[in-house]
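Subject: Model handover

Hello,

Here is the model we talked about. Please open it next to this note.

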Amino acid sequence: MTEPFAETTRRIRERVTAAAQRADRDPSEITVVAVSKTFPREDISLALGHGFRVFGESRVQEIRQKFTEDPLPDDARLHLIGPLQTNKIRHALKFIDMLETVDRANLIDALGKELAKTERSLQILLQVNISGEEQKSGVPPEGAEDLLRHAIDTTGLEPIGLMTMAPYGADESVQRAVFGGLRNLRDQLQESTGTALPCLSMGMSDDFEVAIEEGATHIRLGRSLFGHRELTI
Ligand SMILES: *Cc1c(COP(=O)(O)O)cnc(C)c1O
């Protein structure tokens, strides 16, 4: 990190507030998920000291390494924002409070099975591939309703919203179309299923302001908080 973390935090919060105000939204509706993947446990402690309470990690193995010895405090929450393989579910459930990347029926089934054993529940978001890029994970928008109904019918799963990513380096008009598309899909799904989907996780370091203007409730910030990342995962 090249500048004091307090300064970084102040600038980010200013930008969040300004974007919210442009959209006539209350900035307190927006949660920053501090994406700590690849960054050391000390950086997480630093962020905790500056008020961050929600963290995002992409890999179960890295979560185990970081938090087994040195767990997050009870009032902090961990979101898994990368793909989850079914054979890692048990380990993941020991650590995570929310899974943002539910994108297929067999993952829902496997989660349901594991949750039944522990009698706990798990908040989930459906990851939707709004942009239609081939390499992006996520259920296509046309498949989202079936998948959501499947999650609603699975004991232990609490679907509470949707997540997406805009194409890397996209123009603002494309970002806006992707984020607005996720919001519209959410509105449709709420209507058709009667299930409340208050969470829209969209926007990262390069596009979070547009995401906020389009209705994001969770923005996932890695580099803009913690600095340059060596590995691209
Ligand atoms: C890495 C990652 C982020 C954070 O990206 P930055 O560009 O560092 O802000 C957000 N969401 C997902 C799904 C990620 O994998």
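Predicted model: local features only at pLDDT ≥ 70, side-chain atom pairs only at ≥ 80, totals over all residues.

Residues are numbered from 1 along each chain as its sequence is written, and side-chain values use heavy atoms, with hydrogens and water left out.

Ligand site

There are 13 residues around the ligand. Near means that a heavy atom of the residue lies within 4 Å of the molecule. Lys-37, Ser-205, Arg-220, Arg-223 and Arg-229 come nearest. By class, the shell holds 6 nonpolar, 3 polar and 4 charged residues. Nonpolar here covers Ala, Val, Leu, Ile, Met, Phe, Trp, Tyr, Cys and Pro; charged covers Asp, Glu, Lys and Arg; the others, Gly among them, are polar.

Polar contacts are pairs of N or O atoms within 3.5 Å. The side chain of Arg-220 places an N or O atom 2.8 Å from a ligand nitrogen. Gly-222 uses a backbone N or O atom, 2.8 Å from a ligand oxygen. For Arg-229, a polar side-chain atom lies 2.6 Å from an oxygen of the ligand. Taken alone, the ligand exposes 380 Å², and the protein buries 94% of that. Areas come from the Shrake-Rupley method with a 1.4 Å probe.

Strands

Helices (H or I, at least four residues) and strands (E, at least two) are DSSP runs, numbered from the N terminus. Buried means under 20% relative accessible area, exposed over 50%, and partly exposed in between (1.4 Å probe, protein chains only).

S6 pairs with S5 (residues 122-127) and with S7 (residues 199-201). Pairing takes at least two DSSP bridges. S5 and S6 run parallel, with 6 bridges. Leu-126 is bridged to Leu-162 in S6. S6 and S7 also run parallel, with 3 bridges. There, Gly-161 has Cys-199 as its partner in S7.

S5, helix H6 (residues 144-152) and S6 form a right-handed β-α-β unit. From S6 the chain crosses through helix H7 (residues 172-193) to S7, again right-handed. Right-handed means that, with the strands pointing away from the viewer, the path from the first strand over the helix to the second runs clockwise.

Gly-132 sits in the loop between S5 and H6. Is Gly-132 buried or exposed? It counts as exposed because its relative accessibility is 54%. Gly-132 and Pro-167 are 35 residues apart in sequence and 9.2 Å apart in space, C-alpha to C-alpha.

Best regards

Technical notes:
Polar contact = N/O pair within 3.5 Å; in protein donor to acceptor, adjacent residues only side chain to side chain.
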